[in-house]
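Visitor: I would like to learn how to read a protein model feature by feature. Please show me the model and take me through it.

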Amino acid sequence: MYWQQQEECMERGDLQKLQLERLQKTLTRVSTHVPFYRNRFKELNLDATKVTSIEHLRDFPFTLKQDLRDNYPYGLFAVPLRDVVRVHSSSGTTGMATVVGYSQGDIKTWSNLVARVLCAAGVTPDDVIQIAFGYGLFTGGFGLHYGAERLGASVIPISAGNTKRQIQIMQDFKTTALVCTPSYALKMADVMMDLGMNPNGLSLRYGLFGAEPWSEAMRNEINDRLGIIATDNYGLSEIMGPGVAGECQECNGLHINEDHFLVEVLDPDTLQPVEPGEIGELVITTLTKEAFPVIRYRTRDLTRLMTEPCPCGRTLTRMHRVMGRSDDMLIIKGVNVFPTQIESVLFDIEGTEPHYRLIVDRVNNEDKLTVMVEVVESMFFDAMKKQRTLVDTIKKRLASELGIGVDVKLVEERTLERFEGKGNRVIDNREF
Ligand code: DLL
């Protein structure tokens with residue numbers, strides 16, 4: 001099932017032609033309407049009207065989150081405010097908020113691209129879709145909402161939070177597709193268990209999860225506990241929000257909506273393209289955005305492109321699930337560690353629960369990583385010996401995965417805080 005078959009299954013040659021045309025238009029658009037880009041291009045002697053190949057884009061400068069902050073709130077808009085019909089904003093955990101705007105045309109494109117993602121994941125107009133992302137300045141709620149309506153599904157705009165009510169509604173309204181962060185899906189599974197409910201009694205069939213990194217092991221856990229097919233979808237407010245890329249039912253990489261977004265994967269240190277298929281930082285240029293076009297945005301998200309044909313028939317290149325952010329990456333004793341690597345190991349070990357925290361300290365000038373992980377109740381009350389064996393197993397597996405030693409602390413079930421939106425599982429107490 002496709003939403004826009006012609007675009008999703010285009011010949012690569014035709015797609016590249018379309019991308020170039022749209023790139024030329026976008027570059028001209030920003031140099032005409034956005035002083036920030038105009039000045040930068042001028043400084044570097046770049047003439048937007050003279051771009052004759054996609055590779056030419058590599059001469060153009062990057063856009064950073066800081067550039068959005070410096071131009072807060074409306075400095076990077078390419079249309080007058082009277083043509084903007086929606087504003088979203090992302091606060092992030094540090095620094096000033098960034099603001100993005102959408103024209104009427106952008107909202108239409110956005111809805112279609114989210115409809116593509118939903119459709120690829122199996123959602124049809126017959127589905128009842130519960131949107132448990134926050135509605136508001138965050139793009140998750142409204143983005144998915146408009147896409148689901150565009151598709152013609154029945155939308156329950158419940159927003160995030162109030163988990164018991166979520167479950168009640170899921171039961172009463174016969175929800176077939178759940179949309180939220182993977183963390184929240186797990187929390188819902190926990191609360192269902194507390195309520196003594198069997199998720200198999202629900203009508204739920206699909207889960208579309210995104211907005212934060214998660215592992216394959218976490219997907220399996222969610223699938224098993226909720227009895228659904230969970231797919232991954234990716235996006236970011238600076239580029240559009242959800243709808244940038246999404247998995248089809250092959251569940252093996254996210255198809256990028258390349259007719260609207262031009263992607264590069266670069267080595268985050270040298271900023272040169274990585275070898276095809278290698279891991280690097282995703283850099284995105286919008287090709288059709290009217291109100292808020294962005295040139296070479298450094299996402300900080302790490303992934304790799306999967307160019308092999310997909311059995312689903314879509315020709316849109318896939319990106320591997322995001323492995324983490326280059327700035328989420330912990331450097332511990334000089335070794336790069338991604339929280340998702342640790343998550344995969346923990347989820348694979350019998351006796352642990354899928355809830356953990358990573359605490360980083362500096363003791364006597366040396367980094368120390370402590371992994372706190374919940375264990376199943378029976379294990380906690382078991383003999384000390386069993387607990388010690390479990391700690392040893394986790395330590396060994398993590399040491400071989402990460403190449404460094406870590407401390408492991410077992411904690412009782414339900415002691416770590418649960419998340420309704422994006423999870424934050426790392427506490428870094430080091431001062432840099
Ligand atoms: O999280 C947009 C979104 C909403 C995507 C709902 C999917 C579903 P921001 O709040 O601006 O926008 O955060 C963007 O979240 O750069 C990634 O680091 C991370 N992220 C988003 N989707 C995924 C995913 C939305 N599927 C930032 N896997 C991005 C891993 C993700 N990380």
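Guide: First, the ground rules. This is a predicted model, where local features need pLDDT of at least 70, side-chain atom pairs count only at pLDDT 80 or more, and totals for chains, interfaces and linings use all residues. Residues are numbered from 1 along each chain as its sequence is written, and side-chain values use heavy atoms, with hydrogens and water left out.

Visitor: Into which domains is the chain divided?

Guide: Domain bounds come from an automatic or database domain assignment. Here they give domain 1 (1-327) and domain 2 (330-428). Their C-alpha centres lie 30 Å apart. The contact (heavy atoms within 4.5 Å) takes 26 residues from domain 1 and 15 residues from domain 2.

Visitor: How many Å² do domain 1 and domain 2 bury between them?

Guide: Buried area is the accessible area (1.4 Å probe) that two parts lose on being put together, summed over both. For this pair of domains it is about 1,700 Å². Carbon and sulfur atoms carry 51% of it.

Visitor: How many residue pairs are in polar contact between domain 1 and domain 2?

Guide: A polar contact is a pair of N or O atoms within 3.5 Å. Within protein, one atom must be able to donate a hydrogen and the other to accept it; residues adjacent in sequence count only if both atoms are side-chain atoms. Between the two domains the count is 10 residue pairs, both residues at pLDDT 80 or more.

Visitor: Which elements supply the side of domain 1 that touches domain 2?

Guide: Helices (H or I, at least four residues) and strands (E, at least two) are DSSP runs, numbered from the N terminus. Helix H8 (182-194), H9 and strand S15 (324-325) each supply at least two residues of that side. The largest share, seven residues, comes from H8. By type, the residues of this side divide into 12 nonpolar, seven polar and seven charged. Ala, Val, Leu, Ile, Met, Phe, Trp, Tyr, Cys and Pro count as nonpolar, Asp, Glu, Lys and Arg as charged, and the others, Gly among them, as polar.

Visitor: How many salt bridges cross the interface of domain 1 and domain 2?

Guide: A salt bridge is a side-chain nitrogen of Lys or Arg within 4 Å of a carboxyl oxygen of Asp or Glu. The rule finds three across this interface. The count by this rule comes to 25 salt bridges. Take Asp-194 and Arg-414. Asp-194 lies in helix H8 and Arg-414 in the loop between S20 and S21, so the pair ties together parts 220 residues apart in sequence. Their closest N and O atoms are 2.3 Å apart.

Visitor: Is Asp-194 buried or exposed?

Guide: Buried means under 20% relative accessible area, exposed over 50%, and partly exposed in between (1.4 Å probe, protein chains only). Asp-194 is exposed, because its relative accessible area is 51%. Arg-414 counts as partly exposed at 33%. Arg-414 also has a phi near 70°, a positive value in a residue other than glycine.

Visitor: Which residue forms a salt bridge with Arg-219?

Guide: Glu-247, with the closest N and O atoms 2.8 Å apart. Arg-219 lies in helix H9 and Glu-247 in strand S8, so parts 28 residues apart in sequence are tied together. Arg-219 is buried at 2% relative accessibility, and Glu-247 is buried with a relative accessible area of 2%. Another pair is Arg-321 with Asp-232, at 3.8 Å between the closest N and O atoms. Arg-321 is buried, and so is Asp-232. There is also a network of salt bridges that links Asp-190, Glu-221, Arg-225, Glu-374 and Arg-418.

Visitor: How many residues of helix H9 are buried?

Guide: Eight of its 11 residues, so the helix (residues 216-226) is mostly covered. Among them are Arg-219, Glu-221 and Arg-225. Just after H9, Gly-227 takes a positive phi of about 65°.

Visitor: What does Thr-231 contact?

Guide: Thr-231 is found in strand S7 (residues 229-236) and is buried, with a relative accessible area of 2%. Leaving aside neighbours within four places in sequence, its contacts include Trp-214, Arg-219, Glu-247 and Cys-251. Cys-251 has a phi near 50°, positive in a residue other than glycine. Cys-251 lies in the loop between strand S8 (241-247) and strand S9 (254-256).

Visitor: Where is Pro-73?

Guide: In the loop between H4 and strand S1 (84-90). The peptide bond from Tyr-72 to Pro-73 is cis, with omega near -5°.
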